[in-house]
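Keep the sequence and the model side by side as you read.

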Amino acid sequence: MKKFGAGDFPLPETIASRRRVWWEIGIVLGLSLGASAAYSIVSIVNRTTRDETLASQTATINQSLSERPIFDLIYQLMGIFFDLVPVALVAFLLWQVARPHLARLGIDGAHPARDVLHGVALALVIGVPGIGVYLAGRALGITVAVNPAGLDAYWWTVPVLLLSALRAGVTEEVIVIGYLFARLRDLGWGSWPIILTSALLRGSYHLYQGFGAFVGNVAMGILFGWLYARTGRVLPFVIAHVLIDATIFVGYPWAAATFPALFGVPA
């Protein structure tokens, strides 16, 4: 896919009013990651105004939702399904009659092997420094202990964790990269304002994990945004994100047992 610029797509005056585009962006984010950002900001205010330090607090991801295993599984699958609905919404909003239908979201399926290779390379490039940022944040006392796999151990635990990683990768990259870039381009924004806005949004919905997570995710967002502005392909970022989260979610029990102090686990 070729690089895209501000003149590649019609400005909103020719397809809808600017106000309508802003309303659309607000609704999409309000149904998805914008809401997560709002809750995350309130969470960090709550955490920093407690008597205990950030370093002594824990954030649990993928929590159990019922004491009954079958209903826990049902709730987990329902949560994953409904969290992906905003992705379907942005695909609907930016669907093009001409092929590739989802080109405006950076999805065309033209080079699947290359996308996979680039995604794996990105996961390796981002994954190790990401661990370093987490460790540095814990050492500085600005990052909470993160438990990314709070589910009880059942036969379906690993599949659900993998689906959760898929949900995170698809939702974040398609909306924060593909959708937001497309719509802000429609409004005449340049590449760097979009990159920085997208990165700040990415960092803000990770604030519940502490300030270290915010900084690390802003840096990741800047890199992803810069690469996307150059390539126009979102699938490598989805693949990288899914691989990183899957490794963290599934590998957490081993990591927590091996390095209990880093995860707030009693030795």
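Helix α1 covers residues 18–30; its 13 residues reach 18 Å from the first C-alpha to the last, close to the 18 Å expected at 1.5 Å a residue. That expected span is 1.5 Å times one less than the number of residues. Helices here are DSSP runs of H or I with at least four residues, strands are runs of E with at least two, and both are numbered from the N terminus.

This is a predicted model, in which local features need pLDDT of at least 70 and side-chain atom pairs count only at pLDDT 80 or more, while totals for chains, interfaces and linings use all residues. Residues are numbered from 1 along each chain as its sequence is written, and side-chain values use heavy atoms, with hydrogens and water left out.

Which residues of α1 are buried? They are Val21, Glu24, Ile25, Val28 and Leu29. These residues cover an arc of only 125 degrees around the axis, which puts them on the same side of α1. The arc is taken from the directions that run from the helix axis to the C-beta atoms. An α-helix has 3.6 residues a turn, so residues three or four places apart point the same way. Arg19, Arg20 and Trp23 are exposed on the other side of α1. Buried stands for under 20% relative accessible area, exposed for over 50%, and partly exposed for what lies in between (1.4 Å probe, protein chains only). The cover over the buried residues of α1 includes α2 (33–48), α4 (85–93), α6 (157–186) and α7 (191–204).

Now for two loop residues. Leu84 sits in the loop between α3 and α4 and is partly exposed, at 27% relative accessibility. Apart from neighbours within four places in sequence, Leu84 is in contact with Arg167, Val170 and Thr171. Leu84 and Ala168 are 84 residues apart in sequence, yet their C-alpha atoms are 9.0 Å apart in space.

Asn62 lies in the loop between β1 (58–60) and α3 (69–83). Asn62 is buried, with a relative accessible area of 10%. Its side chain reaches the backbone oxygen of Pro148 at 2.7 Å. Not counting residues up to four places away in sequence, Asn62 also touches others, including Leu161, Ser164, Arg167 and Phe249.

The unreviewed UniProt entry annotates "transmembrane region" at residues 21–42, 73–95, 116–136, 211–229 and 234–255. Such annotations may be inferred rather than shown by experiment. Two of these spans compare as follows.

| Span | End C-alpha distance | Helix and strand content |
|---|---|---|
| Residues 21–42 | 27 Å | 91% helix, 0% strand |
| Residues 234–255 | 30 Å | 95% helix, 0% strand |

Finally, the whole chain. It has nine helices and two strands, in the order α-α-β-α-α-α-β-α-α-α-α along the sequence. Of its 267 residues, 44% are buried. Among contacts with a separation of 6 or more, 77% join residues 24 or more positions apart. The accessible surface of the chain comes to about 13600 Å², and 71% of that belongs to carbon and sulfur atoms, by the Shrake-Rupley method with a 1.4 Å probe.

Technical notes: Contact means heavy atoms within 4.5 Å. A polar contact is a pair of N or O atoms within 3.5 Å; within protein, one must be able to donate a hydrogen and the other to accept it, and residues adjacent in sequence count only if both atoms are side-chain atoms.
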